[in-house]
Amino acid sequence: RVHDVPCRNVGAFLTFMKNNEGHTGRFVDIQHTFSHETRISYRSRRNIATYLLNYIRRDRTYSEIRRNCQTFAADFCGFLAGKKDVQPFHPVNQAMYTCHKHFFLYEPSAYT
């Protein structure tokens with residue numbers, strides 16, 4: 001799921017997360033490890049939705065080690081920020097991680 005959270009900066013988002021923390025909230029064990037301004041030029045809601053659909057449809061597999069929420073977050077943050085060294089949080093995911101930032105850009109039907 002994608003949620004448009006009305007936060008204008010990292011501090012506001014961290015406050016939002018803290019207010020929704022706990023086993024009955026949205027976030028458990030919040031750890032902030034990466035932040036960078038968005039550098040991508042086309043970043044409207046429609047653009048972001050297209051990027052996300054491209055990524056999801058390009059590879060529909062799930063792997064607890066190789067393709068999960070942490071690898072998605074690393075790919076998405078690296079893509080938006082234009083950074084190449086963004087890594088998943090957990091050391092096991094880091095060891096097995098392959099960056100797929102390019103999945104956001106291209107129409108998946110061209111790769112079938």
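Reader: Where is Asp29 found?
Author: Asp29 is found in the loop between helix H1 (10–19) and helix H2 (45–58). Helices here are DSSP runs of H or I with at least four residues, strands are runs of E with at least two, and both are numbered from the N terminus. This is a predicted model, in which local features need pLDDT of at least 70 and side-chain atom pairs count only at pLDDT 80 or more, while totals for chains, interfaces and linings use all residues. Residues are numbered from 1 along each chain as its sequence is written, and side-chain values use heavy atoms, with hydrogens and water left out.

Reader: What is the phi of Asp29?
Author: Its phi is near 55°, a positive value in a residue other than glycine. Most residues other than glycine have a negative phi.

Reader: Is Asp29 buried or exposed?
Author: Asp29 counts as exposed because its relative accessibility is 54%. Buried means under 20% relative accessible area, exposed over 50%, and partly exposed in between, with a 1.4 Å probe and protein chains only.

Reader: Turning to cysteines, how many disulfides are there?
Author: The count comes to zero disulfides, a disulfide being a pair of cysteine sulfur atoms within 2.5 Å.

Reader: Which residues make up the largest nonpolar core?
Author: That core has 10 residues: Ile40, Ile48, Tyr51, Leu52, Tyr55, Phe76, Phe79, Leu80, Phe103 and Phe104. A nonpolar core is a set of buried Ala, Val, Leu, Ile, Met, Phe, Trp, Tyr and Cys residues joined through side-chain atoms within 4.5 Å.

Reader: Which elements give two or more residues to this core?
Author: They are H2 and helix H3 (69–81). H2 provides the largest share, four residues.

Reader: And what does Ile48 touch?
Author: Leaving aside residues up to four places away in sequence, Ile48 touches Arg43, Phe76 and Leu80. Contact means heavy atoms within 4.5 Å.

Reader: Where is Asn54, and what does Asn54 touch?
Author: Asn54 lies in helix H2 and is buried, with a relative accessible area of 5%. Not counting residues up to four places away in sequence, Asn54 touches Phe103, Phe104, Leu105, Tyr106, Glu107 and Pro108.
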